[in-house]
Amino acid sequence: MFKEFKTFLSQGNILDLALAVVMGGAFGPVIASMVNDILMPPIGFVLGRVNFSELAIVLFDDTSAANSDVVIGYGKLIQAIINFLIIASIVFLLMKASAATKKQAAEAPAAPPAPSNEENLLAEIRDLLKNRG
């Protein structure tokens with residue numbers, strides 16, 4: 001059973017998946033920073049100096065107690081949607097580039113197969129018959 005498990009782990013697909021999970025985990029904060037620190041400030045400025053992370057609907061405002069406001073923070077949802085769209089578009093572009101590379105490799109003409117032993121033997125017989133007659 002251990003040998004089967006070792007074979008399963010050493011297959012290329014599981015290693016590719018593990019690498020993709022690690023890279024995806026590292027890629028998320030980069031995209032979040034790009035959206036929050038680079039894209040959203042100019043968009044907020046153009047829309048009238050709006051900070052999307054602070055957009056919220058206050059359902060209950062209790063001024064007598066600290067941190068007891070009840071709010072719906074829809075601005076954070078907007079930022080999360082923008083993060084998703086950016087990540088999805090980058091993954092789409094990477095997949096498209098990968099498919100184009102695979103297509104070029106598939107379209108490359110393959111070398112003709114080497115003649116089999118039977119073909120070589122038939123060619124020798126043909127040449128012998130040619131030389132004889």
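This is a predicted model: local features need pLDDT of at least 70, side-chain atom pairs count only at pLDDT 80 or more; totals for chains, interfaces and linings use all residues.
**Exercise 1. How many residues does helix 3 have, and how far does helix 3 reach from its first C-alpha to its last?**

Residues are numbered from 1 along each chain as its sequence is written, and side-chain values use heavy atoms, with hydrogens and water left out.

Step 1. Find the helix. Helices are DSSP runs of H or I with at least four residues, strands are runs of E with at least two, and both are numbered from the N terminus. Helix 3 covers 74-107.

Step 2. Count and span. Helix 3 has 34 residues and reaches 49 Å. That is close to the 50 Å expected at 1.5 Å a residue. The expected span is 1.5 Å times one less than the number of residues.

**Exercise 2. Find the buried residues of helix 3, then study Gln-79.**

Step 1. Apply the cut-offs. Buried means under 20% relative accessible area, exposed over 50%, and partly exposed in between (1.4 Å probe, protein chains only). The buried residues of helix 3 are Gly-75, Gln-79, Asn-83 and Ile-86.

Step 2. Check Gln-79. Its relative accessible area is 11%, so Gln-79 is buried.

Step 3. List its contacts (heavy atoms within 4.5 Å). Leaving aside neighbours within four places in sequence, Gln-79 touches Val-35, Asn-36, Met-40, Phe-52 and Ser-53.

**Exercise 3. Which residues form the largest nonpolar core?**

Step 1. Define it. A nonpolar core is a set of buried Ala, Val, Leu, Ile, Met, Phe, Trp, Tyr and Cys residues joined through side-chain atoms within 4.5 Å.

Step 2. Name the members. They are Ile-31, Val-35, Met-40, Phe-52 and Ile-86. Helix 2 gives the largest share of this core, three residues.

Step 3. Look around Met-40. Not counting residues up to four places away in sequence, Met-40 touches Val-35, Phe-52, Gln-79 and Ile-82.

**Exercise 4. Is helix 4 largely in the open or buried?**

Step 1. Locate it. Helix 4 spans residues 117-132 and has 16 residues.

Step 2. Count. The number of buried residues in helix 4 is zero, so helix 4 lies largely in the open.

**Exercise 5. Where does Glu-54 lie, and how far is its C-alpha from that of Pro-112?**

Step 1. Glu-54 sits in the loop between helix 2 and strand 1 (57-60). At 61% relative accessibility, Glu-54 is exposed.

Step 2. Read the distance. The C-alpha atoms of Glu-54 and Pro-112 are separated by 65 Å. Along the chain, the two are 58 residues apart.
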